[in-house]
Amino acid sequence: MAQLGGLLMIDPENEAAKNNFFFGGVDNCKWRRPVVPGDCLMMRVELIKFNKRYGFAKMRGTCHVGANLVCEADLNLVMGK
């Protein structure tokens, strides 16, 4: 989920900023069900808050297998310069 969130932070217009995001932490992570080989895992990450001045982003991520929620977490990511 953190890698998916990092993709949201990459600005395609800014070549210098590409690939410069860092995982800052995870809060409120809850594992709801086990995921086994063969399951189709669908991840969704939405941007909750972004501080452009400091390059800090807070995101909410969820993972689903079919209609079942299997994991959810709040992610913190930081842009590097």
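Among contacts (heavy atoms within 4.5 Å) between residues at least 6 apart in sequence, 55% join residues at least 24 apart in this protein. The structure is a predicted model, in which local features need pLDDT of at least 70 and side-chain atom pairs count only at pLDDT 80 or more, while totals for chains, interfaces and linings use all residues. Residues are numbered from 1 along each chain as its sequence is written, and side-chain values use heavy atoms, with hydrogens and water left out.

**Overall organisation**

The protein has 1 helix and 4 strands, arranged along the sequence as α-β-β-β-β. These elements are DSSP runs numbered from the N terminus (helices: H or I, at least four residues; strands: E, at least two). Of the 81 residues, 28% count as buried; buried means under 20% relative accessible area, exposed over 50%, and partly exposed in between (1.4 Å probe, protein chains only). The accessible surface comes to about 5,900 Å², and carbon and sulfur atoms account for 55% of that area. Areas come from the Shrake-Rupley method with a 1.4 Å probe, and for residues only the protein chains shown count as cover.

In α1, residues G5, G6 and M9 are buried. Seen down the helix axis, the buried residues of α1 fall within an arc of 105 degrees, so they line one face of the helix; the arc is taken from the directions from the axis to the C-beta atoms. The cover over these buried residues includes β1 (21-31), β2, β3 and β4 (68-79). Q3 and L7, on the other side of α1, are exposed.

L7 also belongs to a nonpolar surface patch with L4, V35, L41 and M43, which together have about 410 Å² of accessible area. Patches are made of residues with over 30% relative accessible area and no salt bridge, with like charges joined within 9 Å and nonpolar side chains (Val, Leu, Ile, Met, Phe, Trp, Tyr) within 5 Å. Both α1 (2-9) and β2 (41-51) supply at least two residues of the patch. L4, in helix α1, is partly exposed at 31% relative accessible area.

**The β2-β3 pairing**

Strands β2 and β3 (residues 56-65) run antiparallel and are joined by 10 bridges; two strands pair if DSSP finds at least two bridges between them. F50 has A57 of β3 as its bridge partner. The hairpin has 4 residues between the strands, and G55 takes a positive phi near 70 degrees there.

R44, located in β2, is exposed at 57% relative accessibility. Beyond neighbours within four places in sequence, R44 contacts L4, R60, G61 and T62. The C-alpha atoms of R44 and G61 lie 5.6 Å apart, although the two residues are 17 apart in sequence.

**Salt bridges**

A salt bridge places a side-chain nitrogen of Lys or Arg within 4 Å of a carboxyl oxygen of Asp or Glu. The count by this rule is 4, including the following pairs.

| Pair | N to O distance |
|---|---|
| K58 and D27 | 3.5 Å |
| E72 and R32 | 2.3 Å |
| E72 and R60 | 2.6 Å |

Salt bridges with shared partners join R32, R60, E72 and D74 into one network. In the K58 and D27 salt bridge, K58 is partly exposed at 26% relative accessibility, and D27 is partly exposed at 33%.
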